[in-house]
Each structure stands twice: as C-alpha cells, then as structure tokens.
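Subject: Handover of a structure

Dear colleague,

Please find the sequence and the structure below. I would be grateful if you would read the notes that follow with the structure open beside them.

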Amino acid sequence: MSPKKIVIFMLGVLLTLLWLTFVSREYMDEENEVAHGIRIGSFQMKYPIFWDIFSRRQHIENDKAMAIVQGKTPEEKSLPKTEDTLSVSGLVNKTKFVFPEDMNQLRDSIGAFLAGGNSQLVSNVEGRLYYPEPAQDFVKKLHAKLSQPSCRILHYGDSKIEGDRITAYLRNGLQTLYGGTGPGYFPIKMPYGQRSIIEQTSGNWYRYALFNAEQRKNKDLLQNNQYGLYANVCRFAPARGEAAGLKTASFTISPSHSYYNRLSQYTDVAIHYGNCTAPAIVTVFDGNTEIKKDTLVSDGAYHAYKLKFLTTPKKLRVQFSSTKSPDFYGVTVGSGEGVQMDNIPTRGDSGFHFTRIQDTYDAMSRELKPDIIIFQFGGNLVPYLTKNKVASSVKRIITNMQWVQKRNPDALFLLIGPSDMLKRSTKTTYEILPELVAEMKKQTAENGFAFFSMYEAMGGKNSMKIWYDNRMAASDLVHFSDKGTERMAQLLFQSLVEDLLSVQPPQMYRK
C-alpha cells in the first residue's frame, strides 16, 4: 500500500472514531448507572461523547462542600473558634450540641447537654431536615414513635442504599439512643453485597422484583403482583414452569462482627411468606443440631413464621422442602424491643412501583406495623428529566407515598431527595437538579411529609466534584464511596438528633 493510501486510511479511521463520539449518547447500563456509549436494542458499547474529550471543564470551587467533607459546618470554616459556654434562657439551651467522635459516648453527651435545657428547634434551613408545619409537633411525634417499646422503620431507596448503606449508620445511632439490636430485613437471595449479616444459601433460589427493569423487559414477573412489603419475592423454584417433584433449599445466617456491634445481636427471626398452596416442611438447625421441625401454613395467604432465641444463634440454618415453592417476601432479624430498621433497596427505581403491589403489602403492614417510613428516590430521574416533567414526576413519588400511607395511616413519612450528580461531559451539576429538589421540598410540605435534601447537605451545586476529590464519591460522580456514604448518613443523623434535642426529656438519659 502506498504512503498516500496509508495516510488516507488512517485519516478515515480517525474520522470514523471521531464521528462515533457524536453518535454516542448517555444511557443507563446493566447496573442502572449512567454511562456514555452506543446502544442499539440489547447491544451496548461504552464510548466517549465528543464533549467528554474536547470540552473545557470548569474549575470548580465550593467552600461549603469542602467544609462539610472535612467534618465541619460551613460556618465553622469562616468563623474563629470560640470556647463553648452554657447559655440558658428559660428552658431553651442555646449552646450548639457537639457530637462525640465515639457513638458509644452519644447518650452521655446528650444527657450532659440537656442538663442546660432543651435546645431551640431549627427547621426549614438549607442542608437540614424540613418539616411540615407545625414543625415542633412533627418532631414530637417522631420522638414519641422512637420511644415506643418497639419502633419499626422502613427505609426504601435506590442503589445508594444497597448493602445497608446509609441505613446501617442511622439504625446504629437510633438504637444507641432508643434501644434495639439486629440488622432488620434481608432477602433470601441477595443480589448485592451485605456487611450487616452473613448469609449463605443452598438449592436453586430465584428472586423476583417488581422494580427490576430487566425482568419487566423480559416479562419475567409474578403474575399476581404479590411482592409484599419489601417489594420482592424469593422462591426455590421458578414462578413459571415449576418442575414436579420434591425440592429442598435452605438459607443460613450468622451474625456479622465486621460492622456495628449492635447488628450482631438478635433474638427474633421472622420468615415472611405467602402463596403456599402445597404442604411445606421447615426444619431449623442451630449449627448442626436440629432444634425444630414444622410445617408452613398452606392456605395461600400471607404468614410470618417466627423463631425466638434466648441468645444470638451463631449459625442458624432454615431448610424448606415441598413439591411447590411458596413465595418468600423476606426475613427480618432483630430484637423484640427498641428500634428495628429495614434497609429495602430498589435499584434503578424512582419510587413509582408501590401502587402496583397487591394486598400482601396490606397484610404485611398489619403484621409489622411500621412507624416511620423513609423514601429515598429521585436520582434515577435526573439524567432524563425535563423542566416540564419535574412537578409531575415528584407528584408520582408523592402518590406512591400516599398509597403506602393509606395502608399505614399512623406512620410518619420522610422523603430523602437526590445527592448532587455531575454530567460526565462537563463535570458540573445537572441543571435540572436544584429545580427537582425545590419541587420535592414544596410537595412534601403540602402533603405533611418531612424532607431531607442530600444535594443541599453535601454542599449544593458541583459539590460532588469536591466529594470525589476527597475520595467520598465514586468515579461515576453519582454514587458515594463507603467513606462518603458514612459522611452523608452522619449529616442526616446529626440533623435528626439536633432536632430531637428540642423535645427529648433529660430523664431519658439518666442512668
């Protein structure tokens, strides 16, 4: 080949590669994360967009976000340090509560603080929790719920909470203040890593989730839409075309000692199931010792098979045998008192699926009686949301919250909005994000729900870049790293505790 033809060939290749950068688009990959590339039907090829390569990216500064990742409040960065003094006006403590580094010292620190009286509630301030008016009444109700002999909290959310992220920190903190142990809910077939409990399965387990985009696309869903309170079902045989004959499967759990200590303590185990229409034998083992053999109720309705222990079993195995698999809605592990908090991730979802769940949700609500229900959604909307769709999209989330509220009329509700998210092309915040947050703030207040903005809490516009530079965000500039997840959970928990200090009685912390 002549030099001229080689040059023409190379130019052709380069121009083709350049042309592909204009064809490349933003899409959601198999992990439901934002990616850039070429997508034709089921074919996906990651490829940069033109502006990823050639755009001039802004130099980003955000002093507020920098202060937050450093563990300070934005005010602390600009104001000189002063020695804390106790200032009491009537029953209002005007000293700012300082959180101890060790969570185990939190109760003593709060007890000492409340000796100066309750603090003033600071509500509806950027970066903190927003409450519907009258705000003080809502906070009093929160404290009353948490102070009950047993308080169950449901934490629904997208991929940012998978593996007990955010939930674990909140649960540990609330259990420290109000009592309770154990990690709460987990599905028998786990599709994600989990540090809060050690679980293994044997046999062929299948998982069905109404929010799973791939299953919806392949029409591999449960025909009856009976997904229960936790929005997914596990079976030891496929829902369609189940083979004849006896089938056996099991799951084994052990306490995790690699996370918060309270997670490794539990005495109550409940297996939530339904659609059991054939005799099913359940055999329970503590280690290698069989301790119980029983049958599940085979009337097709929802039931909870409960186990009670005096101490935490080191290795609990539960085995099922039947010619037809029941639907298992999940397992809850905890104690009979204090705060029990369930982590319920629905990857790729925007909080729109609840209204499609059938009456098993009602039955499980009556059994579990959730007191506080958290929705953490909105991030999956951001890349494709247009200005004219903001209000209606938030309304869909609110409608789903109201659907859940109708089945749990005594529960309190909190919506957690999305974090900052950056466009890969410019490494700057999606323009629609602040408008989405403002609309969430508006509609939650109108409907009697509390609201927390992760976007505001982490520092607002372009804060994700600062978090990423400080190893608190993933390279997709959408998700948090483990360090960032803990910091965000800490910000939410501290805001909640500071608000509860306005209503908590000092005697609550007296030994």
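Residues are numbered from 1 along each chain as its sequence is written, and side-chain values use heavy atoms, with hydrogens and water left out.

Confidence is given as pLDDT, the predictor's confidence in each residue, from 0 to 100. The chain has a mean pLDDT of 88, with 90% of its residues at 70 or more. Over residues 76-91, however, pLDDT stays under 50. For residues 76-91 the model has 18 contacts beyond four places in sequence, where contact means heavy atoms within 4.5 Å. Where pLDDT is low, the predicted coordinates should not be read in detail.

Helices (H or I, at least four residues) and strands (E, at least two) are DSSP runs, numbered from the N terminus. Two strands pair if DSSP finds at least two bridges between them. An open sheet is formed by five strands in the order β9-β12-β17-β14-β15, with antiparallel pairing. β9 (197-202) and β15 (289-295) stand at the edges with a single partner strand each, so one side of each has no neighbour in the sheet. β9 is joined to β12 (residues 247-255) by six bridges, and the two run antiparallel. Within β12, S254 is the bridge partner of I198.

The axes of helix α7 (residues 167-178) and helix α14 (residues 482-500) come within 9 Å and cross at roughly 30 degrees. Axes are lines fitted to C-alpha atoms, for helices over the stretch in contact, and angles run from 0 to 180 degrees between N-to-C directions. α7 and α14 are therefore roughly parallel to each other (angles under 35 degrees count as such). The residues in contact include L170, L174 and L177 of α7 and L492, F493 and L496 of α14. By class, this contact has eleven nonpolar, two polar and one charged residues (Ala, Val, Leu, Ile, Met, Phe, Trp, Tyr, Cys and Pro count as nonpolar, Asp, Glu, Lys and Arg as charged, and the others, Gly among them, as polar).

Finally, P134 lies in the loop between β6 (118-119) and α6 (135-146), and a cis peptide bond joins E133 to P134, with omega about -5 degrees. N124 is also found in the loop between β6 and α6; N124 has a positive phi of about 55 degrees although it is not a glycine.

Yours sincerely

How values were computed:
Predicted model: local features only at pLDDT ≥ 70, side-chain atom pairs only at ≥ 80, totals over all residues. Parallel < 35°, antiparallel > 145°, perpendicular 65-115°, else oblique.
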